[in-house]
Amino acid sequence: MSFPQHRPRRLRSTPAMRRMVAEYRVHPAELILPAFIREGLTEPSPISSMPGVVQHTTDSLKRAAAQAVERGVGGIMLFGIPEHRDATGSAGIDPDGVLNRAIADVRSEVGDSLVVMSDVCLDEFTDHGHCGVLDADGAVDNDATLALYAQMAVEQANAGAHVLGPSGMMDGQVAVIRQALDEAGHRDTMVLAYAAKYASAFYGPFREAVDSQLTGDRRTYQMDAANRREALLEVELDLEEGADLVMVKPAMSYLDILADVAAISPVPVAAYQISGEYAMIEAAAANGWIDRRRAIEESVLGIKRAGAQLILTYWASELALWLDDHHS
Ligand code: PBG
């Protein structure tokens, strides 16, 4: 027998062969498009650190949602930027607030053909930028915040959200939201738990996207990048509290966490490819340092391979278009 006996290269010999033996592929239905709507805008406003992403008007948001439907994208995750902020983030609860109106507008545009999700968090609505209300010492008050999340969740469900995404990392948030939804008769509204959400430098561009008022950091509530085991505790607690789906965030620097969670989770696992991950690839591609499309596809495939069944990515609609191209 001539050396080498095994030639794995055979299965890589042509595009058709590689396509046939591919172990993982991404489907548009698994993608979720995060989108921003800003109150008082007359036309979409570009976010400089996220080239290609805008703060939407109502009309442009509806168009983006309709385009996502056309391309077979699975869902949309809505974030609102209010005109007025206060200490308790009351614009986030107001049924006439920017986010609640956007949920209703998007639902009226897409009906049930796109899963409509919304962010349950106060940071876009507070004048201090924290994800919850502050106590007398200026610390984020977990339990006082939970009462507001419960109200916020009910208003978002009233507005028509299919899935609520509590992203504030308060202890017990899934339980209080589940209970409030049930009491308000929203038994079928789902909760996507941001189960393992890490305090990350890669949220930087998002802070520009939502015009964040934050001056400090979120290390007293978001997880420490040094911890792996703790992610499993967060997931277990959220499952006990009634989470329908769980998420790991960010994605690319936390693929081990994603694999750990995927190994134990009995519910679908999502990963959020966040603003800074988007920005890094866009910036390198804009400089001609990497091939933009290949880098995007490779990054999303890596997240899928690590165990994500659902992927939130700002490239969702563009990727869906490419994935439709069977000859790529
Ligand atoms: C909090 C929230 C953040 C993101 C999603 N929800 C910001 C934060 O935790 O500081 C970040 C998403 C991204 O960076 O793309 N409402």
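This is a predicted model: local features need pLDDT of at least 70, side-chain atom pairs count only at pLDDT 80 or more; totals for chains, interfaces and linings use all residues.

If we leave out residues up to four places away in sequence, K249 touches Y194, A196, K197, Y198, Y203, Y272 and I274.

K197 lies in strand β7, which covers residues 190-197, and with a relative accessibility of 6% K197 counts as buried. Leaving aside neighbours within four places in sequence, K197 is in contact with S167, M169, Y203, Q222, M223 and K249. The side chain of K197 also reaches the backbone oxygen of S167, at 3.0 Å, and K197 lies over the face of Y203, at 5.4 Å from the ring centre.

Why consider these two lysines together? The UniProt record, an unreviewed entry, places the feature "active site" at K197 and K249. They span 53 residues in sequence, yet no two of their C-alpha atoms are more than 4.8 Å apart, so they gather at one spot. Both K197 and K249 are also included in the lining of the largest cavity.

We can now turn to the aromatic rings. A pair of such rings is described by the distance of the centres and the angle of the planes. In this structure the count comes to 8 aromatic pairs. One of them is formed by F36 and F79, a tilted pair with 5.6 Å from centre to centre and 35° between the planes. This pair links distant parts of the chain, since F36 belongs to strand β1 (residues 31-38) and F79 to strand β4 (residues 75-81), 43 residues apart. Both F36 and F79 are buried.

F79 also pairs with F206, and here the arrangement is edge-to-face, with the centres 5.1 Å apart and 80° between the planes. This pair, too, links distant parts of the chain, for F79 is in strand β4 and F206 in helix α6 (residues 204-209), 127 residues apart. F79 is buried, with a relative accessible area of 1%, and F206, at 13% relative accessibility, counts as buried as well.

Which residues form one aromatic cluster with F36, F79 and F206? The cluster also takes in Y272, Y278, Y314 and W315.

Methods: Residues are numbered from 1 along each chain as its sequence is written. Side-chain values use heavy atoms; hydrogens and water are left out. UniProt positions are given in the numbering used here, feature names are shortened, and annotations may be inferred rather than shown by experiment. On a 1 Å grid over the protein atoms alone, a cavity is a set of points where a 1.4 Å probe fits but cannot get out, and a pocket is an open set with protein on both sides within 12 Å along at least five of seven lines; lining residues have an atom within 4 Å of a point. Helices (H or I, at least four residues) and strands (E, at least two) are DSSP runs, numbered from the N terminus. Buried means under 20% relative accessible area, exposed over 50%, partly exposed in between (1.4 Å probe, protein chains only). Contact means heavy atoms within 4.5 Å. A polar contact is a pair of N or O atoms within 3.5 Å; within protein, one must be able to donate a hydrogen and the other to accept it, and residues adjacent in sequence count only if both atoms are side-chain atoms. Rings of Phe, Tyr and Trp (its six-membered ring) pair if their centres lie within 6.5 Å; planes under 30 degrees apart count as stacked, over 60 as edge-to-face and the rest as tilted. A charge sits over a ring if NZ of Lys or CZ of Arg is within 6 Å of the ring centre and within 35 degrees of the ring normal.
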